[in-house]
Amino acid sequence: QKKIGDSSVYFDGTGDYLRTPSSSNFAFGTGDFTIEGWYYLTVSFASGNQYFFDVGSNGLRVQFYNGTVYYIVDGSNEVTTTAAGVTHNNWYHLAAVRYNSQMNLYIDGVSRGTKNSVTTNLSAQALTIGAYGGDGSNALTGYTSNFRVSNSAIYTSNFTPSTTPLKNLSSTKLLMNGGVSALVGPTLTVAGNTTFAALQPF
């Protein structure tokens, strides 16, 4: 991995996360969205529970739980994939997409599962990066970089992840290229001893 500047955020797995206030930026209604970012876990998720992000409290989210990656819109709608090919100590790009009511989970640009007819109406909520949105538990142990939220389906089929920092698009509602500040979107509050890191995925 290259080490050029402060280009990611490090969570130590105990009380570290980033959180926005409740925002209409994340009120997708029944429409399309993409929540994506790069992650680098420093511990295996063969057991345990780590949240990549959570909109609300156990709302729209991605979790790494007991060897499975979960992309969940609500209690009735989820897409899962095993950890096969997704080890720790490596950068991966993950994108949780809804396009024309279809959920699609992409890891490194490859679809790992879909679910159709998902029309859950998503209202304004806070966004937590790196932990459960309720109380900050089940925290991520590792790094994240280039986290972006869009109110459109950026990806509708398999793709090659960007090899440069993600850009601010017309549909971007939050963009965090590196460090603990959002370049676009609501202010991120830092919890615990979340820190800058020099690791980057490019």
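Which residue forms a salt bridge with Arg148? The partner is Glu36, and the closest N and O atoms of the pair are 2.8 Å apart. A salt bridge here is a side-chain nitrogen of Lys or Arg within 4 Å of a carboxyl oxygen of Asp or Glu. The structure holds one such bridge. The pair links distant parts of the chain, 112 residues apart. Glu36 sits in strand 3 (residues 33-41), and Arg148 sits in strand 12 (residues 141-150). Strands (E, at least two residues) and helices (H or I, at least four) are DSSP runs, numbered from the N terminus. Glu36 counts as buried because its relative accessibility is 1%. Arg148 also counts as buried, at 4%. Buried means under 20% relative accessible area, exposed means over 50%, and partly exposed lies in between (1.4 Å probe, protein chains only).

The model is predicted: local features need pLDDT of at least 70, side-chain atom pairs count only at pLDDT 80 or more, and totals for chains, interfaces and linings use all residues. Residues are numbered from 1 along each chain as its sequence is written, and side-chain values use heavy atoms, with hydrogens and water left out.

Aromatic rings were examined next. A pair of aromatic rings is described by the distance of the centres and the angle of the planes. Rings of Phe, Tyr and Trp (its six-membered ring) pair if their centres lie within 6.5 Å; planes under 30 degrees apart count as stacked, over 60 as edge-to-face and the rest as tilted. The count by this rule is 19 aromatic pairs. In one of them, the ring centres of Tyr40 and Tyr143 are 5.5 Å apart and the planes stand at 85 degrees, so the pair is edge-to-face. Tyr40 lies in strand 3 and Tyr143 in strand 12, 103 residues apart. Tyr40 is buried at 9% relative accessibility, and Tyr143 is buried at 16%. Tyr143 also pairs with Trp91: the centres are 6.4 Å apart and the planes at 50 degrees, so this pair is tilted. Trp91 lies in the loop between strand 7 (77-82) and strand 8 (92-99), so the pair ties together parts that are 52 residues apart in sequence. Trp91 is buried, with a relative accessible area of 7%. Elsewhere, Tyr39, Phe45, Phe52, Phe53, Phe64, Tyr92 and Phe147 form one aromatic cluster.

The nonpolar cores come next. A nonpolar core is a set of buried Ala, Val, Leu, Ile, Met, Phe, Trp, Tyr and Cys residues joined through side-chain atoms within 4.5 Å. The largest has 38 residues. Ile35, Phe53, Leu60, Tyr71, Leu127 and Phe147 have the most contacts inside it. Strand 3 gives the most to this core, with four residues. A second, separate core of seven residues includes Tyr40, Trp91, Tyr143 and Ala197. Contact means heavy atoms within 4.5 Å. Leaving aside neighbours within four places in sequence, Phe147 touches residues including Ile35, Glu36, Phe52, Phe53 and Leu127.

An open sheet of seven strands has the order 7-6-5-4-11-2-14, with antiparallel pairing. Two strands pair if DSSP finds at least two bridges between them. Strand 7 and strand 14 (189-191) are the edge strands, and each pairs on one side only. Strand 6 (residues 68-74) and strand 7 pair in the antiparallel sense over six bridges. Thr68 has Thr82 in strand 7 as its bridge partner.
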